[in-house]
Amino acid sequence: MKAVVFLGDRQLEFMEFPDPAPGPGEAVIEIKASGMCGSDLKMYRAKGGAAALGLGGPGGPVIAGHEPCGVVAAVGEGVPEALAKTGDRVMDHHYDGCGVCKHCRQGWSQMCLEGTTVFGATGHGAHASYMKVPAHTLVKLPDELSYKTGAAISCGTGTAYGALKRLALAGDETIAIFGQGPVGLSATQLAKAMGARVIALDIGEERRDLAHAFGADEVVDPRSNDVVQAIRDLTDGEGAQKSLDCSSSPEARRDAVRCVRSWGTACFVGEGGDVTIDVSTDMLRRQVTVVGSWTFSKNGQAECARFVAERGIDVDALFTHEFALDQADEAYKLFDTQTTGKGVFLM
């Protein structure tokens, strides 16, 4: 089968790999949808390629893509039917760990004490016709949801859900969401479904328009406003109860802390970068809590899928662009502009 490999320096290549066959405890997914995620861009852009980031598999090039969704095509020995059987519609929790440490037992295999395989980075991912995974990483896709929605939940939308749960967002609260890329737009959708009032912020007009279409109550352009004052003006001078930074921008992270009211909580979910705050003024003397949120647990992924299905959330609307796999070069050049909604490869 042909599959996409990131070479770095904004280059990718279609390479030939053997069709995978499952070993004991494994399953093969026939990929139906493979999402494009902002964190893919780190490997796509990296000078010197994935190896410069300390990524790649021990056996050579690694297939890209960590938002898998499809149908179980084959299972290996020792896999109980309750876990996976041929024909099951599934997502994949795109991490694997030792399976026995305290984090793995709670579904947080990305925090495994013995080390983690990240599919699409250090293990083969989903930008291909088939993907082989440990069967215990599979998560059932509710019948009500499309394969595209399942791909989104497998990282971007699931990450937004995990962050909102980390914030313990309540329906009577206002949340300011910085960055309206795929994760931020998902957070806007989900926060509205949770009953919250949403203030969405992004420097891009197209993404602000998407946020408004996805239900944001207020939309703010950070380049044209004193962001903290704008949010206070929209909240009777107090600030939002909660904030979420999905942008990784140092300025947005700082404003996410400063825009919450006394006793408020700010959450960072965007990867990389840094932030500088005045600890006394911005945190201590206002009793502000700052938390981080890293993706989601396997159980959280299943919970997110059920929430989306039960609330009828149109996650498919996140996808502004659909591609065949052989259009990957064109797709990533467009996605690299970071002006669009989400992209997906449909097999």
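In this predicted model, strand β4 is joined to strand β5 (residues 89–92) by three bridges, and the two strands run antiparallel. Within this pairing, glycine 70 has valine 90 of β5 as its bridge partner. Strand β4 (residues 68–75) also pairs with strand β3 (residues 26–35), again in the antiparallel sense, over seven bridges. Here isoleucine 29 stands opposite valine 72 in β4. Strands of a sheet pair through backbone hydrogen bonds, either parallel or antiparallel.

An open sheet is formed by six strands in the order β12-β11-β10-β13-β14-β15, and the pairing is parallel. Its edge strands are β12 (218–220) and β15 (289–292), each of which pairs on one side only. From one strand to the next, the twist averages 20 degrees. Inside this order, strand β10 (residues 174–178) and strand β11 (residues 197–201) are paired in parallel over five bridges. Isoleucine 175 has valine 198 in β11 as its bridge partner. Helix α8 (residues 250–258) lies across β10, β13 (240–245), β14 (260–268) and β15, and runs at about 145 degrees to β14.

A further parallel pair consists of strand β16 (residues 319–323) and strand β17 (residues 342–346), which are joined by four bridges. Phenylalanine 323 has phenylalanine 345 in β17 as its bridge partner. Between the two strands the chain passes through helix α11 (residues 328–335), and this β-α-β crossover is right-handed.

| Helix pair | Angle between axes | Axis separation |
|---|---|---|
| α4 (residues 156–167) and α5 (residues 182–193) | about 55 degrees | 8 Å |
| α5 and α6 (residues 205–213) | roughly 20 degrees | within 9 Å |
| α4 and α10 (residues 298–311) | about 100 degrees | 9 Å |

Helices α4 and α5 pack at an angle of about 55 degrees, which makes α4 oblique to α5. Their crossing is right-handed. On the α4 side, Gly156, Thr157, Thr159, Ala160, Tyr161 and Leu164 take part, and they meet Val183, Ser186, Ala187, Leu190 and Ala191 in α5. The residues of this contact divide into seven nonpolar, four polar and no charged.

Helices α5 and α6 cross at roughly 20 degrees, and they are therefore roughly parallel to each other. The crossing of α5 and α6 is right-handed. Pro182, Leu185 and Thr188 in α5 meet Arg207, Leu210 and Ala211 in α6. By class, four residues of the contact of α5 with α6 are nonpolar, one is polar and one is charged.

Helix α4 also packs with helix α10, at an angle of about 100 degrees; α4 and α10 are therefore roughly perpendicular to each other. Thr157, Gly158, Tyr161 and Lys165 of α4 make this contact with Gly300, Glu303, Cys304 and Phe307 of α10. The residues of the contact of α4 with α10 comprise three nonpolar, three polar and two charged. Thr157 and Tyr161 are among the α4 residues that meet α5, and they are also among those that make the contact with α10.

Terms used
Residues numbered from 1 in each chain as written. Predicted model: local features only at pLDDT ≥ 70, side-chain atom pairs only at ≥ 80, totals over all residues. Heavy atoms only, no water. Pairing = 2+ DSSP bridges. Right-handed = clockwise from strand over helix to strand, strands pointing away. Axes fitted to C-alpha atoms, helices over the stretch in contact; angles between N-to-C directions. Parallel < 35°, antiparallel > 145°, perpendicular 65-115°, else oblique. Left-handed = near helix turned anticlockwise from the far one by under 90°. Contact = heavy atoms within 4.5 Å. Nonpolar A, V, L, I, M, F, W, Y, C, P; charged D, E, K, R; others polar.
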